[in-house]
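Here is a protein model to read together, with a short exchange about the words used to describe such a structure. Please keep the sequence and the 3D view open while you follow the questions.

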Amino acid sequence: MNLFVLMKRTFDTEEKIVIETGKIQDDGAEWIINPYDEYAIEEAIQLKEKHGGTITAVTVGGEEAEKELRTALAMGCDQAVLINIEDDLDEPDQYSISQVLYHYMKDQEFDLILGGNVAIDGGSGQVAPRLAELLDIPCITTITKLEINGTDAEAERDVEGDVEKIKTTLPLLVTAQQGLNEPRYPSLPGIMKAKKKPLEELELDDLDLDEEDAEPKLKTIERFLPPKKEAGKLLQGEPAEQAKELVSLLRSEAKVI
Amino acid sequence: MGKKVIVLGEIRDGELRNVTFEAIAAGRTISGDGEVIGVLIGENVQSIAQELIHYGADKVLTAEDPKLKTYTADGYSQVMRGVIEQENPDSVIFGHTAMGKDLSPKLAARLQTGLISDAIDVSVTGGNVVFTRPIYSGKAFERVISTDPMIFATIRPNNIQASEKDTSRSGSIESIDVSLTDLRTVIQEVVKKTADGVDLSEAKIIVAGGRGVKSKEGFQPLQELAEVLGAAVGASRGACDADYCDYALQIGQTGKVVTPDLYIACGISGAIQHLAGMSNSKVIVAINKDPEADIFKIADYGIVGDLFEVVPLLTEEFKQLNIHS
């Protein structure tokens, strides 16, 4: 099988967000592979273990994304592609990124493309389903189970807590939901091997994509932090009194009941 | 000048979801003195079309076909593309729900438009339609505009105020012809796992448990409280990782991001990843044994105590109010 995994580097979930002159500051931030993309990587590795094949990890970003690609290689991907847009696209949106990925993927032979269902930074969940549509292949989002049989695919999909069982055929794009699997940690030999695995770096020119055709459709005009919350009221007394007071406060003061 | 806005309605268990009314309100804001068109897709939707008009739509288009009974991207996408071609709208609004999240990017890609996902506010400033949306799971926010004339958006449930129902409003309801080509994905079965039908993302009240709940059985008092309040039950990652409950309940930076009117955190310490998923709730109650727990820093009301003692007492108190009925 030819497996492709779409991945993105994001801030570690522990990071606090700092905004200066309208931009998110990333000096000294810890970076990770977007957690949902890790599920996609793990699923690709398990499929390869079962069916054989090659896994290519693909990311769009800047030079520093090599680190996360190496982690994906250390987990078990075979090769990696970094599409470096730093010099070409200033503030790309989901339209831009899906155009870039499309121009890369349309020339590849693939059976299955996997991605996370959402990135925990931008939080739009658009790029993978957009790409599927551009490639004109079926797409199942937020999967929690996947089985491939020849060119048939069966997936379970999380729909707000309920489970949909879906049948379709390859080539296919799926996006991973939590619960799909338990991503492995890279092993030491894996990390050593990853250093020697092929990592290709491409730019828009290599994809025959003009900047104008990936210009964003959206523009962010402001970024801000949520207002700081004042410390609340700690209720005193015996548990029974606290419970009574809380209910009364929720009714009369907070007016949410 | 008024704009034309299409709002895709969403039906669950035969009824329109609240987020649809909120989307219509967003549509009204965007349209100015223009037109808001509701779209309903399904097997038998004619009977509830009027309700969209009562909540602010000027006209409703219905597409009915047995193949549209359950949502599939291919089926709904085909219908929506037909509607968009016919109406040529300035904007299309969806709920940021399982359906909206799945369908909107596919449609946006097909029509080469921008899509603003998960908006919590929409306003018109200086001729621009400005959407506010959370980034970093609510640790920060951004305001976004479209540089294209046509814009799609999904709106997060529970954030934009729906208009009051006005049964004196009238408008036309038109059915549109449906001719579906092959659907590439086939839904074989839907397994209902959500017991009481109160969805986390749309719930007005959430009772959530963390590691302090200690076991699967430990969620029982939380469920009883939720039942009395008509609330949904959620959990922290800790509780899910410890297998006390299903990941479907997880609230946080991974998991669901929620903004209910009332969030009752039981035995949740308040790790930054969890706070990202719930800190924008309107009122937060924290119940925790540890007075130093971070959850108290963002709670409006805190009780330092044993949740197994406090939660049942709360349930009793709320029962006496008899609010659920």
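Q: How much area do domain 1 of chain B and domain 2 of chain B bury between them?
A: The two domains bury about 850 Å² between them, with 36% of it on carbon and sulfur atoms; buried area here is the accessible area (1.4 Å probe) that two parts lose on being put together, summed over both. This is a predicted model, in which local features need pLDDT of at least 70 and side-chain atom pairs count only at pLDDT 80 or more, while totals for chains, interfaces and linings use all residues. Residues are numbered from 1 along each chain as its sequence is written, chains are lettered from A and ligands numbered from 1 in the order in which they are written, and side-chain values use heavy atoms, with hydrogens and water left out.

Q: What are the bounds of domain 1 and domain 2 in chain B?
A: Domain 1 covers 2-174 and domain 2 covers 203-319, bounds that come from an automatic or database domain assignment. Their centres, taken over C-alpha atoms, are separated by 32 Å.

Q: How many salt bridges does the rule find across the interface of domain 1 of chain B and domain 2 of chain B?
A: The rule asks for a side-chain nitrogen of Lys or Arg within 4 Å of a carboxyl oxygen of Asp or Glu, and across this interface it finds zero.

Q: Why is one side of β7 and of β12 in chain B left without a neighbour in the sheet?
A: Seven strands of chain B form an open sheet in the order β7-β11-β6-β1-β4-β5-β12, with parallel pairing. In chain B, β7 (114-119) and β12 (172-175) stand at the edges with a single partner strand each, so one side of each has no neighbour in the sheet.

Q: What makes β7 and β11 of chain B a pair?
A: Two strands pair if DSSP finds at least two bridges between them; β7(B) and β11(B) (residues 151-155) have four bridges in the parallel sense, and therefore meet the definition.

Notes: Helix = DSSP H or I, 4+ residues; strand = E, 2+ residues; numbered from the N terminus.
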